[in-house]
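Open the model in your viewer and keep the sequence panel beside it. The tour below goes stop by stop, saying what to select and what is there.

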Amino acid sequence: MTRIIDIKEYGNEAIREVTGSFDRNISHIEKELDILITIRSGCIFIEGDERAVSEGEKVIKELLMLAGKGETVDDQKVTYTMDSIKDASGEFITSVDRDVICHTVQGKPVKPKTVGQKKYADAIDKNMIVFGIGPAGTGKTYLAIAKAVTAFKKEEISRIILTRPAIEAGEKLGFLPGDLQSKIDPYLRPLYDALYSIMGAEAFQKNMDKGLIEVAPLAYMRGRTLDNAFIILDEAQNTTPAQMKMFLTRIGFSSKVVVTGDKTQKDLAEGTVSGLDVAERILGKIDDIAFITLTAKDVVRHPLVQKIVKAYEEYEVRQQSGRESKKRRAGDKDRSRNRR
């Protein structure tokens, strides 16, 4: 079947944005939905299977609305829109408002790019403690730091504290040279990078020297009470239950806390329970604490990262299913042996 979209009302700039350089976005949609798209006489013609054509029409109309608002239409937005329409979630990018959290030092706006990220940003505004849980590339830490810097500039809080557990990611680095700061800096580098991007190196260093911004390992939090601060605990999947309890009980008055973690990338010793898993089980019903789960759909890095995350998720589901089947078979054998 064929569907026709009249695009004269959208303007040449919006149409160029949707088609992409050398029709890159159109080719992407054609390949994913198995349809043929042609543009002529001020109209877009979509040909193919009825369901695929219907999905293609919705995708293009959604992207035209996005471009009409002055937004850039890139690979991530095209993929996100197609995924939303395929799973009938109705969670489209155009439903994410254009509120900008802040700007980077280069003037680039920092704002939610998916519906999941919008829910996460809104939860930070509304709750004292927010847990942002999701895979790599979903903007958990970056958006939290953007919120922290914005609150700091508005003088809603007096300092920013960023922390993460100093755990090696699956490899032993041995003894590192230098003083204590140089030993722990590699573990905290991702936090420095985000702050440099949003604040600029000079402003960051000036506030760091004044003690208004602190980047430190989680172990440094013990024994402290953190009042009037925006506190971010990154890589929380690598905390133990005792460390998580210690951290959450540091919170003082007029403070806001964001805890981020990816439950699929734990670097704890085998058999060690994650403090993030325990916190999710026991704190979920407490007022002023929100748990926001981001998924592969919320990945805002290269589209290939989204595919990698999905592949690993599917692999882990199969592995878990296999382990459960093995346990059931072992249980059946034990019961059969006991009957004999």
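**Confidence first**

Colour the chain by pLDDT: its mean is 84, and 87% of the residues reach 70 or more. Among the elements of the chain, E6 has the highest mean pLDDT, 96, while helix H7 (residues 180-199) has the lowest, 74. Now select residues 169-173, where pLDDT stays under 50. For this stretch the model has four contacts beyond four places in sequence. Where pLDDT is low, the predicted coordinates should not be read in detail.

**The three-stranded sheet**

Select E1, E3 and E2, which form an open sheet in that order with antiparallel pairing. Strand E1 (2-6) and strand E2 (36-40) are at the edges; each has a single partner strand, so one side of each lacks a neighbour in the sheet. From one strand to the next the twist averages 20 degrees. Zoom in on E1 and strand E3 (residues 43-47): five bridges join these antiparallel strands. Ile5 has Ile44 in E3 as its bridge partner. Next, show helix H3 (residues 50-68), which packs on the sheet and touches E1, E2 and E3. The direction of H3 makes about 10 degrees with that of E1.

**Two helices side by side**

Select helix H2 (residues 24-33) and helix H4 (residues 75-86). Their axes lie 10 Å apart and they pack at an angle of about 30 degrees, which means that H2 is roughly parallel to H4. The crossing of the two helices is right-handed. Show side chains for Arg24, Asn25, His28, Ile29, Glu32 and Leu33 in H2; they meet Asp75, Val78, Thr79, Met82 and Lys86 in H4. By class, this contact of H2 with H4 has four nonpolar, three polar and four charged residues.

**The six-stranded sheet**

Move to the open sheet of six strands, with parallel pairing and the order E8-E7-E9-E10-E6-E11. Which strands stand at the edges? They are strand E8 (213-217) and strand E11 (289-293), each with a single partner strand, so one side of each has no neighbour in the sheet. The twist here averages 15 degrees from one strand to the next. Select strand E7 (residues 159-164) together with E8: the two run parallel and are joined by five bridges. Ile161 has Glu214 in E8 as its bridge partner. Finish with helix H10 (residues 275-283), which packs on the sheet and touches strand E6 (129-133), strand E10 (256-261) and E11. The direction of H10 makes about 125 degrees with that of E6.

Conventions:
Residues are numbered from 1 along each chain as its sequence is written. This is a predicted model: local features need pLDDT of at least 70, side-chain atom pairs count only at pLDDT 80 or more; totals for chains, interfaces and linings use all residues. Side-chain values use heavy atoms; hydrogens and water are left out. Two strands pair if DSSP finds at least two bridges between them. Helices (H or I, at least four residues) and strands (E, at least two) are DSSP runs, numbered from the N terminus. Axes are lines fitted to C-alpha atoms, for helices over the stretch in contact, and angles run from 0 to 180 degrees between N-to-C directions. Contact means heavy atoms within 4.5 Å. pLDDT is the predictor's confidence in each residue, from 0 to 100. Angles under 35 degrees count as roughly parallel, over 145 as roughly antiparallel, 65 to 115 as roughly perpendicular and the rest as oblique. A crossing is left-handed if the near helix is turned anticlockwise from the far one by less than a right angle, and right-handed if clockwise. Ala, Val, Leu, Ile, Met, Phe, Trp, Tyr, Cys and Pro count as nonpolar, Asp, Glu, Lys and Arg as charged, and the others, Gly among them, as polar.
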